[in-house]
There are 2 protein chains.
Amino acid sequence: MTEQDHKPLRLAIAGLGTVGVGVLKILQKNGELIAARTGRAVEVTAVSARSRDKDRGVDLSAVAWEDDPVALAARDDVDVVLELIGGSDGAAKSLVEQALNNKKHVVTANKALIAHHGAGLADIAVAKGVALNFEAAVAGGIPIVKALKESLQANDYGRVYGILNGTCNYILTEMEETGRDFADVLKDAQALGYAEADPSFDVGGIDAAHKLAILAGLAFGYDIDFDAVQVDGVEQITANDINLSKSLGYRIKLIGSTSLIDGALAQEVGPMLVPHGTPISDVSGVFNAVAVEGDFINQCFFEGPGAGEGPTASAVMGDVIDIARGLVTPPLGLVGGGRGPAKVADKDAHIGAFYVHLMLRDEPGGMAAVTNIFSDHDISIASMLQSERAEIAGDPVPVVLITHETTAARLNVAISAISGLKANAALPRVLPIATFGE
Amino acid sequence: MTEQDHKPLRLAIAGLGTVGVGVLKILQKNGELIAARTGRAVEVTAVSARSRDKDRGVDLSAVAWEDDPVALAARDDVDVVLELIGGSDGAAKSLVEQALNNKKHVVTANKALIAHHGAGLADIAVAKGVALNFEAAVAGGIPIVKALKESLQANDYGRVYGILNGTCNYILTEMEETGRDFADVLKDAQALGYAEADPSFDVGGIDAAHKLAILAGLAFGYDIDFDAVQVDGVEQITANDINLSKSLGYRIKLIGSTSLIDGALAQEVGPMLVPHGTPISDVSGVFNAVAVEGDFINQCFFEGPGAGEGPTASAVMGDVIDIARGLVTPPLGLVGGGRGPAKVADKDAHIGAFYVHLMLRDEPGGMAAVTNIFSDHDISIASMLQSERAEIAGDPVPVVLITHETTAARLNVAISAISGLKANAALPRVLPIATFGE
């Protein structure tokens, strides 16, 4: 270590919400431990937040205050800027850009910022020789960013997938355990603070898609490309879907999954069926989990708290500790910044089994017409469930089919043929079945 | 990066068994990818192994050969020595010591070496300013060493525990699934290559204890102290124990667990009951898993392959990649080497619930005498199972009790009183119940 490395590491914190206050609490409680581990003190020299006077339960009297968070990037008494404001643009982006350009290390928990602007920001960080660390942006406390860009880098990655949104996982878990419907459980989740007043960001899959785009960038080295993620939310999942899946041996989870298909980048977020007895199917409540497939590791699985003051602040401070030790890895794990834009995999390239939920009028020939269409399109049926007969002949009844492996392209053609059948009484609903490892 | 950092990183490999050959295969398949990720080539310049002529399926014609592995430590054309020989002493230890003293980085997969001599070797590495990396020594491909000494270092660690031996976990899983006895399943495991011809190292808990001692060193910073680990193996576990536990809502796992109890280091390896529905209870077959508790992260859980050519070599090469990037962390995560020797927690300090298996003669007053003893020692009983009556009155029948939380000290006194009862027909068997997180 050089003389420089023993000087205190000076942090500026922009944003004193849950995560920012969590960071201050870690420094208060574990500051000495962290100094013993890194060989230097870590101290906060400046902060910026919306309200100066709010009581946050931590003493900030010795810390400089900036009304404008972007001003933190210009301070001489700051080595590392912690961007904990949030939002993909505005002050967060200006602050990070200016801090990197001023050769200050940056640590951020901002998934939207990295998902939208990660490629460009990583280029600046590499050019300036500073860190741009964002462990807290993906799966909260789970150290998956560092696992992908450091520990597991001997591998050519296969599929990376996981449960990336605790709100959705809580809602789906509750729906399964109580048999209640989506809207009902969502209300409870809001009352418990597990879902926002406007829940669309979470239940619509956007939050998970931000994290998935970042994981894809880390795993495959192409520019992070949020706009290419195929996103579906959990709003349409019914208690009935969950029950039917269960009787067929599956649980419904909001899964984010990315892989290369013939060199093209596939990124999907949406409700999928996962087989009972797999680690991912057993992740319940607000937890997050990520599985990494690699050519030598086979599969490694990480589970932990995906949000919350302590876990998120733990991830932020893990990034700070790396910087305190002089450990700087290129933001996306590739020297030079990355491989440029990816070729995007065709939406219909998805290969796998599918869950198909139909409403068919209970009349002679209805099922035969459906099975003939599958057969005509070379799709074989693995199992089928018709749980009830109509009380009045000719009324629609739910029919659920699980297909064997096929392509989304082929399935879509079959589904539109089924939609045109006289016996078909509602828009067919299709969910992919996650075929990854046991 | 300096000019130096762009030069190829030159490896010497000592030992060309499963792991050594795995490393060569990774370099063959992913060498270019690794160069793109680190910004420099990684190449093998010298090797040493038992037999020079053995066909290992990899081309070594351009690589220097040393008959004496220790000679690798002195070569000028080597930056990093990979110690893949094994054994806690002998050539492995000499090689690592001399390599560190010659200011060469060392990467090892040798859990016995680190468990026995980790503290001293870490001191040399810190003094010489080089890396001593041993990710592969604990839980194979799971990146738990780096998680503990880097990612999660903002936390004051609580309990660290896990399933650290794939052989035992395979045997226990098979026993549960098939109802067969230990000896029978062990034979199969040997035939499948999951257990060694001499299985005592695995089934006796020694291998898990090596790994646990290393985890304890990383989590708490005291000198690694293998001799202080309390070790019990799985040889005494019967199909009956597994069945009885199952009906009480538990699965039996070989668990390694370490924590600080009032500042004293507790390290235990042995069969324990874990509640159904916890992540650790669902780890089946040859997999390994580690859970880390910390004051801010709460709990983080890692699962993956604990052994095998690919996963172990992936961990070794992850360590090499860190060195290629110039990322060097003190071996035990504390600057200066560590906190010195730990105060060792008293064996009887263990607090928790227990599974107690008795053979009681089926006669009036037998059960009453047992429950009175527990009551006299302030131990309350959570549940009890007496599954059968004796065919001949007075013959012994199995009785299983689950206690509420108590101390090992108190329980031991009660158990010796029970042993002296006239109704008691065999040595009582006691297993701790893992009380850690859901």
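The model is predicted, so local features are reported at pLDDT of at least 70 and side-chain atom pairs at pLDDT 80 or more, whereas totals for chains, interfaces and linings use all residues. Residues are numbered from 1 along each chain as its sequence is written, and chains are lettered from A, with ligands numbered from 1, in the order in which they are written.

Contact between residues was assigned from C-beta atoms placed from the backbone (within 7 Å). By this criterion, 49 residues of chain A are in contact with 49 residues of chain B. On the side of chain A that touches chain B, two or more residues each come from α1, α4 (144–151), β12 (298–305) and α10 of chain A. Helices and strands are DSSP runs, numbered from the N terminus (helices H or I, at least four residues; strands E, at least two). The residues of this side comprise 23 nonpolar, 16 polar and 10 charged. Here Ala, Val, Leu, Ile, Met, Phe, Trp, Tyr, Cys and Pro count as nonpolar, Asp, Glu, Lys and Arg as charged, and the others, Gly among them, as polar. The copies meet through the same surface, because 100% of the interface residues of chain A are also interface residues in chain B.

Strand pairing also crosses the interface. Two strands pair if DSSP finds at least two bridges between them. β12(A) and β12 (residues 298–305) of chain B are joined by 3 bridges in the antiparallel sense. In this pair, Glu303(A) stands opposite Phe301(B).

Chain A holds an open sheet of 6 strands with parallel pairing, in the order β3-β2-β1-β4-β5-β6. β3(A) is joined in the parallel sense to β2 (residues 42–48) of chain A over 2 bridges. Ala64(A) in β3(A) is the bridge partner of Ala46(A). Helix α1 (residues 18–38) of chain A packs on this sheet, touching β1 (9–14), β2 and β4 (80–83) of chain A. The direction of α1(A) makes about 165 degrees with that of β2(A). Axes here are lines fitted to C-alpha atoms, for helices over the stretch in contact, and angles run from 0 to 180 degrees between N-to-C directions. Helix α10 (residues 309–324) of chain A also packs on the sheet. The strands touched by α10(A) are β1, β2, β4, β5 (105–108) and β6 of chain A.

Chain B likewise has an open sheet of 6 strands, with parallel pairing and the order β3-β2-β1-β4-β5-β6. In chain B, β4 (residues 80–83) and β5 (residues 105–108) run parallel and are joined by 4 bridges. Glu83(B) stands opposite Thr108(B) in β5(B).

Antiparallel pairing occurs elsewhere in chain A. β13 (residues 351–361) and β15 (residues 396–403) of chain A pair over 7 bridges. Val397(A) is the bridge partner of Leu360(A). β14 (residues 381–386) of chain A pairs with β15(A) over 5 bridges. There, Ile381(A) has Thr403(A) as its bridge partner.

The largest nonpolar core has 296 residues. Such a core is a set of buried Ala, Val, Leu, Ile, Met, Phe, Trp, Tyr and Cys residues joined through C-beta atoms within 7 Å. Residues with the most contacts inside the core include Val316(A) and Val316(B). Beyond four places in sequence, Val316(B) is in contact with Val19(B), Val23(B), Leu82(B), Val107(B), Ala109(B) and Ala136(B).

Two loop residues of chain B have positive phi. Burial was assigned from the other C-beta atoms, placed from the backbone, within 10 Å (buried, 20 or more; exposed, 12 or fewer; partly exposed, in between). Ala139(B), with phi near 60 degrees, lies in the loop between β6 and α5 (144–151) of chain B. Ala139(B) is buried, with 33 C-beta neighbours inside 10 Å. Asp262(B), with phi near 50 degrees, lies in the loop between β9 (250–261) and β10 (264–275) of chain B. Asp262(B) is exposed, with 9 such neighbours.

Definitions and conventions
Contact = placed C-beta atoms within 7 Å.
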